Amino acid sequence: MNILLPRADVTERTLAIVGELKGLEGPLLPILHEIQDEFGYVPQESLPVIARELNLSRAEVYGVVTFYHDFREHPAGRHVLKLCRAEACQSMGGDRLAERAKALLGIDFHETTPDGAVTLEPVYCLGLCSCSPSAMLDGEVHARLDDAELEALVAEARR
Amino acid sequence: MTVKIYIPRDAAAIALGAEKVAAAMAEAIAVRGLDAMIVRNGSRGMHWLEPLVEVETAEGRVAYGPVKARDVASLLDAGFTSGGAHPLCLGKTEELPFLRNQTRLTFARCGVIDPLSLDDYRAHGGLRGLKKAVSLAPAAIVAEVTESGLRGRGGAGFPTGIKWKTVLETQGSQKYIVCNADEGDSGTFADRMIMEGDPFVLIEGMAIAGIATGATKGYVYTRSEYPHAIAAVSAAIEVARAAGVLGSSVLGSAHAFDMEVRTGAGAYVCGEETSLLNSLEGKRGLVRAKPPLPAHKGLFDRPTVINNVISLASVPVILDKGAAYYRDFGMGRSRGTIPIQIAGNVKHAGLYETAFGLTLGQIVDEIGGGTASGRPVKAVQVGGPLGAYFPRALFDTPFDYEAFAAKDGLIGHAGIVVFDDTADMLKQARFAMEFCAIESCGKCTPCRIGSTRGVEVADKIAAGIEPEKNRELLADLCNTMKFGSLCALGGFTPYPVVSAMTHFPEDFSPAPVAEAAE
């Protein structure tokens, strides 16, 4: 669930998170994870705060945020469905399953349904290669998916 | 006596419904007033049988699987708590052929014990290696690891002892042990299984590495896609710290060692060691040019041991039982055991730890039981997205670093993905390039641009546009990437592409399509 906060609150919460974590060695990734956990994405308003507190340039922080696939610059849908697209899942019909998911949701990868319910994302390996094809819905793992199970997952996500 | 029921907490078991089974079992135990307890163990590695539920009986553990939540009532009705007969009963766990024929050194406790019980860990031989290590001089520990012949299990196969020796001999006020748990290769899950099923063995291995090299701080860098592993290792670190296994005095010795878990953010390239170090430092995961080696200038430019999970988790048994014990397994220059991960379109998928030397055919046909679809095996990709596709004709290749290299392949992190005859190898070659383009860190040109051009050329071949010329171009591009890239991502992406072209030329000569001449 993403909660859109007023700008001042973003700054305040960011400051608190940075204050809590900046004593770590190499604190930037833990800070960004925490911010994304808090807001559901990494708000633009957080970047200058992080940069100032860690004595980095804003460009450096932005460079890190955009390098990693996990960090979002915009809020995702209420649910995030990740489908594994890697080789082991391909060998068990993962491509076909992905097409089915796209058709059921009416969106492509990296898109969110118009009602804001589901964001569909590719993931390259969940480490469930011995029970392919696999998926992750809001952090919960699902394996050996067939059409019926995928439909159930999509239905759950749409609610 | 309280009956112990084992229901795995491994992510693969959970993905197949283990949480529901555990909840149903707990409820049934309460309703029926049974004197039984549930232990959430790791996985035994027989993933086609997950969730695999075991019950402890006087004659040993008895296995049932795959169990669904709706089976719980009938299991209890059939006297499952005393090993009663049931259609899902598989017999005694230890006697199942898939397990019985393995040599489990690194995975000896995985699936057997409660992963977060240090008492269980000790009772099954845990901490003996670390106890030995605190009684030895650092150089003697390094010598033991070198003697064992252990080579990096992440894929590069570099001798672990040599790496440790370099760090030991390098001066530095602060040294680090970094565990590369960024297991991003498709077809691999050994690191995940150890972290979830026996996290103390990793902690013990890292503490030994710390004592051997003079490092006092360790990091486990793992993937955000592995939430269960992150939780298990983090919890185990807390337990180890409270018990004095970690901290200012490791097992009461003069050595200090502590560690923490760090989580990546979805970048495959961070499995490359120098990219991983940059990521740990809070930077973009750009690959660093070598030299300097991480052993000289690694994390924050300090001397750093960076080893894969399985390499580190193999150290405790080497210290405990001696270098010779470990070295006596294996073949050629590949010593000890290797946890082979059998995945993809295969009947008996899972983890199989054995000495080096089985042939690829034995692994796929005999242990794996052929394809899950029942169709003929067309190709197996060994070593992840950067590994070669091998046809049946190469099934006599023994599982050994040098033997695979001689056939233009690699064993990598020992993951094997099986494909049946419906696989289109041109499509697989294209995917290898596409994956490289998505995951390239962007630092070097052959990888960053070569991969995108590779996708385009593969598309032209598929469309029947000047196929002969484009096949030559693709081969030439692979050559440039192989020799011109800074790290293994760009440098090894050619392996799946070239092997697909070499062994499956028919898939690269599609019938020309009329509209292709646009």
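Modeller: A definition comes before the helix pair: axes are lines fitted to C-alpha atoms, for helices over the stretch in contact, and angles run from 0 to 180 degrees between N-to-C directions. The model is predicted. It scores ipTM 0.95 and pTM 0.96. Chain B has a mean pLDDT of 97, with 98% of its residues at 70 or more.

Take helices α18 (residues 445-462) and α19 (residues 467-484) of chain B. Their axes come within 10 Å and cross at roughly 160 degrees. Angles over 145 degrees count as roughly antiparallel, so α18(B) is roughly antiparallel to α19(B). The crossing of the two helices is left-handed.

Which residues meet in this pair? From α18(B) come B:Pro446, B:Cys447, B:Gly450, B:Arg453, B:Gly454, B:Val457, B:Ala458, B:Lys460 and B:Ile461. From α19(B) come B:Pro467, B:Asn470, B:Arg471, B:Leu473, B:Leu474, B:Leu477, B:Thr480, B:Met481 and B:Gly484. By class, the contact of α18(B) with α19(B) has ten nonpolar, five polar and three charged residues.

Now the sheet. Four strands of chain B form an open sheet in the order β8-β7-β6-β9, and the pairing is parallel. β8 and β9 (304-308) of chain B stand at the edges. Each has a single partner strand, so one side of each is left without a neighbour in the sheet. From one strand to the next, the twist averages 20 degrees.

Look at one pairing in that sheet. β7 (residues 217-222) of chain B runs parallel to β8(B), and six bridges join them. Here B:Lys217 stands opposite B:Asp258, which belongs to β8(B).

A helix packs on this sheet: α10 (residues 199-213) of chain B. α10(B) touches β6 (176-181), β7, β8 and β9 of chain B. The direction of α10(B) makes about 145 degrees with that of β6(B).

Last, the side that touches chain A. Here 47 residues of chain B are in contact with 34 residues of chain A. Several elements of chain B each supply at least two residues of that side: α1 (11-15), β8 (258-263), α12 (273-280), β12 (337-344) and β16 (415-420).

Notes: Residues are numbered from 1 along each chain as its sequence is written. Chains are lettered from A and ligands numbered from 1 in the order in which they are written. This is a predicted model: local features need pLDDT of at least 70, side-chain atom pairs count only at pLDDT 80 or more; totals for chains, interfaces and linings use all residues. Two residues are in contact if their C-beta atoms, placed from the backbone, lie within 7 Å. Two strands pair if DSSP finds at least two bridges between them. Angles under 35 degrees count as roughly parallel, over 145 as roughly antiparallel, 65 to 115 as roughly perpendicular and the rest as oblique. A crossing is left-handed if the near helix is turned anticlockwise from the far one by less than a right angle, and right-handed if clockwise. Ala, Val, Leu, Ile, Met, Phe, Trp, Tyr, Cys and Pro count as nonpolar, Asp, Glu, Lys and Arg as charged, and the others, Gly among them, as polar. pLDDT is the predictor's confidence in each residue, from 0 to 100.
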